[in-house]
Amino acid sequence: MSNFRLFFRYLKCWLLLKYHRLKHVHRTAYIAFGAEVSRDLIAEAFTYVGKNSMVGPKVSLGAYSMLGPNVLCVGDDHRFDIPAVPCIFSDRPFLRPTKIGRDV
């Protein structure tokens, strides 16, 4: 990769991180335009979030992990432990962290 392309890539990544106002994301992470991410996202080196993806709160991505386009990453959206109650009426449980490992 030429020095110009490498510089342009780092500049683009930096601008995307500033646009999304992310503080816990490595400077080499890439978040495509059109992706919606929570401000508390934790992402290690060389992670990728694809176009039109949504990453909810309390999500962490390990190094070299990639989320393709149109991926929804939400955790604890509804309860499963009350079989007689439809999930729409079961309320939401306490939100636990969602951790996606390294090189996933």
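Q: Is Phe46 buried, partly exposed or exposed in this model?
A: This is a predicted model, and here Phe46 has a relative accessible area of 37%. Buried would need a value under 20%, and exposed a value over 50%. Since 37% falls in between, Phe46 is partly exposed.

Q: Which residue other than glycine has a positive phi near 60°?
A: Look in the loop between E5 and E6. With a phi near 60°, the residue is Lys58.

Q: Which residues does Arg9 touch, not counting those up to four places away in sequence?
A: Arg9 lies in helix H1. Its relative accessibility is 36%, so Arg9 counts as partly exposed. Leaving out residues up to four places away, the ones Arg9 touches are Thr28 and Phe46.

Q: How many Å apart in space are Arg9 and Val85, C-alpha to C-alpha?
A: Along the sequence, Arg9 and Val85 are 76 residues apart. In space, from C-alpha to C-alpha, the value is 49 Å.

Q: What area is accessible in the nonpolar patch of Phe4, Phe7, Phe8, Leu11, Trp14 and Leu15?
A: One of its members, Trp14, lies in helix H1 (residues 3-20). Trp14 has 47% relative accessibility, so it counts as partly exposed. Together with Phe4, Phe7, Phe8, Leu11 and Leu15, Trp14 forms this nonpolar surface patch, whose accessible area is about 690 Å².

Q: Which residues touch the most other members of the largest nonpolar core?
A: In soluble globular proteins, nonpolar side chains tend to be buried together. The largest nonpolar core of this model holds 16 residues. Those that touch the most other members are Ile31, Leu41 and Val49.

Q: What is Ile31 in contact with, leaving aside its neighbours within four places in sequence?
A: Ile31 belongs to the largest nonpolar core. Once the neighbours within four places are set aside, its contacts are Leu16, Leu17, His20, Leu22, Val37, Leu41 and Val49.

Q: How many Å apart in space are Val25 and Ile42, C-alpha to C-alpha?
A: Val25 lies in the loop between H1 and strand E1 (30-31). With 10% relative accessibility, Val25 counts as buried, and beyond four places in sequence it is in contact with Leu17, Leu41 and Ala43. Val25 and Ile42 are 17 residues apart in sequence, while their C-alpha separation is 5.3 Å.

Q: Is Ser60 buried or exposed?
A: Ser60 is found in strand E6. Apart from residues up to four places away in sequence, Ser60 touches Ile42, Thr98, Lys99 and Ile100. Its relative accessibility is 17%, so Ser60 counts as buried.

Q: What is the bridge partner of Glu36 in E5?
A: E2 and strand E5 (residues 54-55) run parallel and are joined by 2 bridges. In E5, the residue bridged to Glu36 is Met54.

Q: Which residues is Val104 in contact with, leaving aside its neighbours within four places in sequence?
A: Val104 is placed in the segment after E9, and it is exposed, with a relative accessible area of 55%. Its C-alpha atom is separated by 22 Å from that of Gly34, 70 residues apart along the chain. With neighbours within four places left aside, the contacts of Val104 are Tyr64, Ser65 and Met66.

Note on methods:
Residues are numbered from 1 along each chain as its sequence is written. This is a predicted model: local features need pLDDT of at least 70, side-chain atom pairs count only at pLDDT 80 or more; totals for chains, interfaces and linings use all residues. Side-chain values use heavy atoms; hydrogens and water are left out. A nonpolar core is a set of buried Ala, Val, Leu, Ile, Met, Phe, Trp, Tyr and Cys residues joined through side-chain atoms within 4.5 Å. Buried means under 20% relative accessible area, exposed over 50%, partly exposed in between (1.4 Å probe, protein chains only). Contact means heavy atoms within 4.5 Å. Patches are made of residues with over 30% relative accessible area and no salt bridge: like charges are joined within 9 Å, nonpolar side chains (Val, Leu, Ile, Met, Phe, Trp, Tyr) within 5 Å. Accessible areas come from the Shrake-Rupley method with a 1.4 Å probe; for residues, only the protein chains shown count as cover. A salt bridge is a side-chain nitrogen of Lys or Arg within 4 Å of a carboxyl oxygen of Asp or Glu. Helices (H or I, at least four residues) and strands (E, at least two) are DSSP runs, numbered from the N terminus. Two strands pair if DSSP finds at least two bridges between them.
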